[in-house]
Each structure stands twice: as structure tokens, then as C-alpha cells.
Amino acid sequence: MHPFRSLAALPGQLQHPQVRDLAWTLLSPPLLARVGERAPRHPLSASAWAAQPDKLARWLEALDRQPQALLARTPGANGPRLGRYYEELWQFALAEAPGIRLLGANLPIRTAERTLGELDLLLEDDEGMQHVELAVKFYLGPAQADGRATRDWLGPGRRDRLDRKLDHLLQHQLPLAGSPAAHSLLQAYGCARPHSSPWLGGYLFYPWPTPCSAPAQAADDHLRGRWLRRSAWPAWLAANPGCWQPLTRLHWLAPAACDAAERWSAAQLAGWLDELPGDATPRLLVQLQEEAGGRWQERQRIVLVDDRWPQAPA
């Protein structure tokens with residue numbers, strides 16, 4: 001399922017923020033082991049990089065030294081949509097990957113009356129034509145249920161729900177390439193019907209202090225964090241002392257890293273918390289730990305929610 005497990009530590013060894021995000025995008029495990037009966041297929045699984053992961057490592061290390069090409073092709077790094085930025089990172093890598101031919105991205109499928117949707121990625125590799133649906137998701141598990149049911153996993157904004165995302169993938173996004181409306185588009189690429197597969201990256205956050213079970217379809221090695229209510233913060237900090245600071249949403253991908261001058265003091269964090277409204281939207285915070293050379297690296301991450309979450313603010 002994942003050809004790059006040997007490179008799992010590489011994002012933390014890179015310096016440039018967007019190159020770290022790119023490395024995390026390509027190297028992190030999927031959230032799910034399956035979507036219905038479909039297994040996720042890594043978009044690079046038939047590339048030369050998958051056969052020789054050290055070549056991918058060297059490419060990322062070279063990009064870390066000279067990131068200009070990546071910066072030019074990922075304008076979403078400065079935009080409002082994390083999902084769009086995530087797609088741009090994949091598009092950049094697939095356009096550069098040996099053994100991959102990226103045919104198109106965000107390809108609209110239309111009838112005479114309306115647009116039915118888009119194919120996130122259409123590519124060709126040694127295993128044939130591939131249609132890939134991408135997403136990066138962050139779901140919080142239930143505090144009052146066992147967690148196995150996907151309906152109980154919610155996005156930080158409350159509206160997104162894991163079971164709804166899976167239903168949309170299975171009922172609409174993945175079958176779209178096989179629809180009559182897609183036929184003429186695919187014929188132009190010499191393909192009757194590509195193999196369709198999902199790839200979902202991201203994190204699952206478990207309630208604290210009592211965790212729930214993983215959702216039924218979760219990958220064994222999925223990335224994990226914890227979530228807690230504002231009133232539980234003092235107890236959490238007592239159990240997990242150290243340097244904590246929030247991340248803006250466009251920085252939720254790769255493990256956080258900063259120089260000593262950029263890390264927050266305890267007073268800065270306390271001031272930030274004092275000014276945060278009681279009904280503020282969920283915030284992601286990371287604990288940083290000093291590494292050799294004076295660089296501070298993420299050790300763990302949490303989502304801090306209001307005391308009524310997941311109920312909407314009154």
C-alpha cells in the first residue's frame with residue numbers, strides 16, 4: 001500500500017517549509033486501509049521512485065536546497081484552502097516523477113446541462129491509466145462512543161463527517177471516471193476506463209483523557225493526535241509540559257519545526273489562550289522539542305476545542 005515507509009523520518013530532516021510539506025504529502029501513510037472494498041493506491045506506486053526510494057530522497061534533498069520550482073507551482077501555500085495546496089503538492093511531484101505521465105488534474109466531467117464533478121488526477125504509469133481521488137482530512141473521534149463507527153468522526157468544523165466523505169467517494173467521486181459523461185474525455189487519452197482509487201492523507205485525533213477506538217476502516221499506521229476541551233487544558237499541560245504553540249491551518253501538514261527565536265514562550269501561549277474566545281473554532285497546537293543543532297521539532301499535536309464541542313456555539 002505504501003512504498004516509502006523507509007523514508008518516514010525524512011520530512012523532519014528537511015529545512016524548507018514547503019519542501020517539508022511536499023515530503024510529508026508523499027511519505028505519510030494513508031488514513032484508511034480501505035474505502036468500502038477499494039484499497040488506497042499510492043499515486044507513485046508504479047514510479048521509479050517506488051522501486052528505489054533513495055532516489056526520491058535525493059530529489060527532495062536537492063529541492064530543499066533549491067525550492068524555487070516548487071514555490072512557483074504551489075500558489076495554494078499562500079491561499080485559504082489547505083486541500084487545494086495538498087493537491088498542488090501532488091501535482092508537482094507527479095509531473096516530476098520518473099515513470100509517471102501526469103495527463104491532467106481537476107478535469108471537469110460535464111453533460112450538456114451541468115458539471116457532474118472533477119477527476120482529481122489522471123495519470124499513466126506501468127500499470128496503466130490511473131484515476132486518483134485525493135483528500136487531506138483531520139477528524140476528531142467521539143468522546144461518548146467507541147469510535148468504530150465512521151459517522152462518529154467529525155472534522156474540526158463539525159460539518160465534515162468521515163462516513164459522509166466515504167459515501168461521497170464511493171457513490172460519486174470514484175465512479176465518475178466510468179460514467180458516460182467521462183467517456184469522450186477519456187477517449188482523448190486513449191483509455192476506455194482507468195483504474196480508480198482513493199488516497200486520503202491526514203490525522204485522526206483521539207479524545208483525551210480517555211481515547212476511543214479507531215474507525216473500522218483506519219490504516220494501522222495512520223497518523224494520530226489527541227483532542228481536548230478548553231477546561232482540560234491545565235491538566236493536559238501538567239501531564240505534557242514543554243513548549244506549545246498553535247499552527248495556522250496552512251501549516252497543518254508536515255511536522256512543525258522552527259528556530260529557537262521563533263518558538264513561543266510560556267507567557268506568549270498564556271496570553272494567546274487568554275485572548276482566545278471561549279467559543280473559538282478548534283485550534284491545532286504542537287509541542288516542540290529541541291533537537292541537536294538548536295532546531296525545535298514537533299513532538300506531538302493536539303486539537304483544542306471549546307467546552308461544548310461538537311455542539312455548535314449558542
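Arg-158 sits in the loop that runs between strand E3 (128-140) and helix H6 (162-173); helices (H or I, at least four residues) and strands (E, at least two) are DSSP runs, numbered from the N terminus. Arg-158 is not a glycine, yet its phi is positive, at about 75°. The model is a predicted one, with pLDDT of at least 70 needed for local features and 80 or more for side-chain atom pairs, while totals for chains, interfaces and linings use all residues. Residues are numbered from 1 along each chain as its sequence is written, and side-chain values use heavy atoms, leaving out hydrogens and water.

Asn-106 also has a positive phi, of about 55°, without being a glycine. Asn-106 is part of strand E1 (residues 101-110), and its 18% relative accessibility makes it buried (under 20% relative accessible area; exposed is over 50% and partly exposed in between, with a 1.4 Å probe and protein chains only). Most residues other than glycine have a negative phi, and most peptide bonds are trans. The one from Trp-208 to Pro-209 has omega near 15°, with Pro-209 in the loop between strand E4 (195-207) and strand E5 (223-229). The one from Trp-309 to Pro-310 has omega near 10°, and Pro-310 belongs to the segment after strand E9 (296-305).

The partners come from distant parts of the chain, 28 residues apart, with Trp-208 in the loop between E4 and E5 and Trp-236 in helix H8 (residues 233-239). Trp-236 is buried, at 2% relative accessibility. Elsewhere, one aromatic cluster brings together Phe-138, Tyr-203, Phe-205 and Trp-252. Arg-301 lies over the face of Tyr-203, 4.3 Å from the ring centre (for a charge over a ring, NZ of Lys or CZ of Arg is within 6 Å of the centre and within 35 degrees of the ring normal).

As for helix packing, H1 (residues 17-27) and H5 (residues 82-96) pack at about 80°, with axes 10 Å apart. Residues in contact (heavy atoms within 4.5 Å) include Trp-24 of H1 and Trp-90 of H5.

Key
Axes are lines fitted to C-alpha atoms, for helices over the stretch in contact, and angles run from 0 to 180 degrees between N-to-C directions. Rings of Phe, Tyr and Trp (its six-membered ring) pair if their centres lie within 6.5 Å; planes under 30 degrees apart count as stacked, over 60 as edge-to-face and the rest as tilted.
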